Amino acid sequence: RKKNNKMRRKKHKQTRRAINFYKINYGFHEPYKVLLDGNFIHVTKSSNLGDLSKHLPNLLDGRVNLYTTRCVTSELRQLPVEEYGAAFKSARGHMLHKCGHDENPIAACDCLLEQIARNNEGHWFVATQDATLRRKLEKIPGCPVIFASVNGVHLGTPSEMTKANSKEVEEATRAVPEHERRSEALQDLERIRTQVQSSARFRKNKAKGPNPLSIKRKQKNDGKISKKVSTDKAKSEGKEGKSRRSRRKKTGGSSLSTPNEI
């Protein structure tokens, strides 16, 4: 149970990050629009994953509108009723998106790709189990993909194409237009920046002298040593003078005593 709870938390965090990414970078908003492929409806029905009208809002954490196309329903109608009858009934219960193929339906995967087009201007989520279709959708920037597995329904992480396109768009919005670059104010600003950079580089490469504090400390130490030496010399000289005086006194006393004795 602990492992299952950890996996659920991790899945929820990844899903929240992906949804926020599409909201910020591609303008997705509620109610989210989901295009359902026939094979996705069939897998969710056969695996008893629950009602999609309740399950997908919990996955995307918001209001959701589910759509199919005429091509998807016509493809399910042609499949065996014993196996795909429940999926066909479920598909007919969702809203029908006008794909433009009412008279001449085409393959469901081609129809869904045509609705997404080059940059997914309709902000569609695509729910499909077709691996080939998923690889093609990953090459379209800003197209989130939903798929089902044994563990439930999942939202795929943003593809590398989607991430790279969002970075390019962000850099383009931050860039200054060409007509603004030609203005006098920005040209003066560029000149000031170059001057500051050049002066900063010159100061950086300039040779530095010794630390004056270190020199002062050495001088203080030398002065202390010299003072100690001078005091030691004075003390030694004073001791020598005292010893000489005491010797003189001793010698002088002996010389004066001799004539008295005589």
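**Sheet and cores of a predicted model**

Six strands build an open sheet of mixed pairing, ordered S3-S2-S1-S4-S5-S6. Strands here are DSSP E runs of at least two residues, helices are H or I runs of at least four, and both are numbered from the N terminus. Two strands pair if DSSP finds at least two bridges between them. The model is predicted: local features need pLDDT of at least 70, side-chain atom pairs count only at pLDDT 80 or more, and totals for chains, interfaces and linings use all residues. Residues are numbered from 1 along each chain as its sequence is written, and side-chain values use heavy atoms, without hydrogens or water.

- Strand S3 (95–97) and strand S6 (152–155) are the edges, each pairing on one side only.
- On average, neighbouring strands are turned by 35° against each other, direction ignored.
- S5 (residues 145–149) pairs with S6 in the antiparallel sense over four bridges.
- Ile146 has Leu155 in S6 as its bridge partner.

**Helix on the sheet**
- Helix H4 (residues 70–77) lies across S1 (32–36), S2 (64–69) and S3.
- H4 runs at about 60° to S2 (axes fitted to C-alpha atoms, for helices over the stretch in contact; angles from 0 to 180 degrees between N-to-C directions).

**Cores**
- The largest nonpolar core has 31 residues; Val34, Leu36, Leu56, Leu60 and Ile146 touch the most other members.
- Helix H1 (residues 2–26) gives this core its largest share, five residues.
- A second, separate core of 12 residues includes Tyr67, Ile116, Cys143 and Val145.
- A nonpolar core joins buried Ala, Val, Leu, Ile, Met, Phe, Trp, Tyr and Cys residues through side-chain atoms within 4.5 Å; buried means under 20% relative accessible area (1.4 Å probe, protein chains only).
- Beyond neighbours within four places in sequence, Leu60 is in contact with Ile19, Tyr32, Val34, Phe125, Ile146 and Leu155 (heavy atoms within 4.5 Å).

Note on methods: Buried < 20%, exposed > 50% of the residue type's maximum accessible area, 1.4 Å probe, protein only.
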